Amino acid sequence: MSISIGIHDLSIATSEYVLPHTALAEYNGTDIGKYHVGIGQESMSVPAADEDIVTMAATAAAPIIARHGKDRIRTLVFATESSIDQAKAAGIYVHSLIGLPSATRVVELKQACYGATAALQFAIGLVRRDPAQQVLVIASDVSKYELDSPGEATQGASAVAMLVGVNPALVRIEDPSGLFTADVMDFWRPNYLSTALVDGQESIGAYLQAVEGTWKDYSEQGGRALEEFAAFCYHQPFTKMAYKAHTHLLNYCGYDTDKDVIASALGQTTAYNTVIGNSYTASVYLGLAALLDQADDLTGKPLAFLSYGSGSVAEFFSGTVVAGYRDHLRTEANLQAISRRKTVDYATYRELHEWKFPTDGGDHATPEQTTGPFRLAGISGHKRIYQTR
Ligand code: COA
């Protein structure tokens, strides 16, 4: 008999600041309808100078450790595409900030927005090998495009931490997975750039091609029928993309694309992404968090996941919601993470966007802007210094 493995706990964090799209639209003269309706975004999370993927990741993970302890965690997998170091895994800073034991394996994974799904699948493999162990999977990203570029309106920042283990309290992850890889240049970031390069239309086309590719493989591997799924959690670089993807999938499978049916399959998965913006690796799991936090009882219902990472790799898989899951949700804390953000004006956002550490190897403290449990205090001798409050 196969054992049940999946997401036992899930916690989210986002940045200190938020920029409403109305402020961006006012600055660049865009009709707000393009942001609110055209791409489906209301606001974007903006990191303070003293926060980054590590502080958000530790903030998301700490409540999981507080609830479950650390005794069973022997692996931490950190997925990101906005890494802070070319060599050292960002997860090692998190390991230290949340006090995991030295007998832990820590690694960072990268494949654009897909990395967290690879992390989840690798975690399941580790747990299958030793069901006594749990794996802490963290997806944390700051999505940053060049100022005044089309991608700017889709920026965001957040972290999702998930505890993966046997007899999960939230979602049991199932076999098979549908897989798809294609060598495309739709979105990438060379090592010497701090903002991503993107061919927006190409990336939408590549995403839709990956929807077809993963579904075809998923079906060939003996996956569920499309009509079995209660909801679909798509990667959401902007929330309208989930609608484009699902419409495409329905068309590809020969189904009607009724707007109400699509809205009921997706609507509750977009609530967090629409106010946070693109959070790359975390995006699809923010969709799951929003769905579980808001939907009527989903007990026993299969959910579909479509994880897409430009470049590109994608995976379609399913998970079934576990009885009693509502007792384990963090709805209030998740909503609080979003509502606690302070609104910044456009000029402050622009200043934060351009803020960066000098690269001279000197001692440089960051301004104290955050109010959360962890902060990036500065850099000294090219070493990042983190603080716990
Ligand atoms: N009211 C309502 N909708 C409006 C509008 C208005 N006033 N003005 C424009 N729109 C709609 C457009 O019709 C379009 O909708 P459609 O895609 O359904 O046709 C949408 O808003 C976006 O308009 P577009 O002209 O394509 O915007 P853009 O050139 O600024 O590019 C992205 C949009 C998403 C391609 C761009 O933000 C981007 O490159 N993002 C980063 C990459 C990314 O997110 N890729 C996704 C795959 S990973």
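Gln134 is buried in this predicted model, with a relative accessible area of 6% (buried means under 20% relative accessible area, exposed over 50%, partly exposed in between, with a 1.4 Å probe and protein chains only). Gln134 sits in strand β6; strands (E, at least two residues) and helices (H or I, at least four) are DSSP runs, numbered from the N terminus. Beyond residues up to four places away in sequence, Gln134 touches His8, Arg72, Ile73, Arg74, Thr75, Leu163, Val164 and Gly165. Contact means heavy atoms within 4.5 Å.

The model is predicted, with local features needing pLDDT of at least 70 and side-chain atom pairs pLDDT 80 or more, while totals for chains, interfaces and linings use all residues. Residues are numbered from 1 along each chain as its sequence is written, and side-chain values use heavy atoms, without hydrogens and water.

Thr154 occupies the loop between β6 (134–143) and β7 (156–166). Thr154 counts as buried because its relative accessibility is 10%. Neighbours within four places in sequence aside, its contacts are Ile39, Ser143, Tyr145, Pro237, Phe238, Gly277 and Asn278.

Helices α7 (residues 239–252) and α8 (residues 259–266) pack at an angle of about 120 degrees, their axes 10 Å apart. Axes are lines fitted to C-alpha atoms, for helices over the stretch in contact, and angles run from 0 to 180 degrees between N-to-C directions. Helix α7 is therefore oblique to α8 (under 35 degrees is roughly parallel, over 145 roughly antiparallel, 65 to 115 roughly perpendicular, the rest oblique). Ala242, Tyr243, His246, Thr247 and Leu250 of α7 meet Ile262, Ala263, Ala265 and Leu266 of α8.
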